[in-house]
Amino acid sequence: EFLEMIHVIYASHKKNTDDSVDFILKLGDRFQIKTLLDLAEDYLISSSALESSQKLLLSDKYRLIKLQDHCLNQLETVSKVKGIKRALEYDDLSETTKVALLEKMFKLTPD
C-alpha cells in the first residue's frame, strides 16, 4: 500500500482505481498528504464506479467537500435521496451529512 501511495504521488502514469482509492485516502489522511486526498477526490468525482452512498461516506470520513457536493448534486429526485437512506452506509454517515441529505430532500419536495 505504501508503494502504491508513492506511485500515485510521484508517477503521473499511476492512477487511482476503485480498488486502491480507499487505502490511498487512508494514507493521505494519516500522513496529511493533501495531494493524495485531492487526486483520490478527483478520481471519485470523475471515474469511480462506486455507489453514491459509498462516495458520500468517503467524502464524510475524509472531509472531501467537492466530492460531497458532487454526490448531493447527483441526487436529483426524492427517490434517490431515499435510496441513500436505505443504503448500508447511511448509519455510518455523520449527523452533518445526514442534515445535508435532509436539506436536499426539502429542496426536491414541492411545496
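Modeller: Lys-34 and Asp-38 are 4 residues apart in helix 3, and are therefore separated by about one helical turn. Helices here are DSSP runs (H or I, at least four residues), numbered from the N terminus. The model is predicted: local features need pLDDT of at least 70, side-chain atom pairs count only at pLDDT 80 or more, and totals for chains, interfaces and linings use all residues. Residues are numbered from 1 along each chain as its sequence is written, and side-chain values use heavy atoms, with hydrogens and water left out.

Biologist: What makes the meeting of the Lys-34 and Asp-38 side chains a salt bridge?

Modeller: A salt bridge requires a side-chain nitrogen of Lys or Arg within 4 Å of a carboxyl oxygen of Asp or Glu. For Lys-34 and Asp-38 the N to O distance is 3.0 Å, so the pair qualifies.

Biologist: Why is Lys-34 called exposed?

Modeller: Exposed means over 50% relative accessible area, buried under 20%, and partly exposed in between (1.4 Å probe, protein chains only). Lys-34 has 57%, so it is exposed, whereas Asp-38, with 28%, is partly exposed.

Biologist: Why does Lys-98 count as buried?

Modeller: Its relative accessibility is 17%, so Lys-98 counts as buried. Lys-98 forms a salt bridge with Glu-95 (3.9 Å, N to O), and Glu-95, at 57%, counts as exposed.

Biologist: What do Asp-42 and Lys-66 tie together?

Modeller: Asp-42 forms a salt bridge with Lys-66, their closest N and O atoms being 3.1 Å apart. Asp-42 lies in helix 3 and Lys-66 in helix 5, so the pair ties together parts 24 residues apart in sequence.

Notes
Helices (H or I, at least four residues) and strands (E, at least two) are DSSP runs, numbered from the N terminus.
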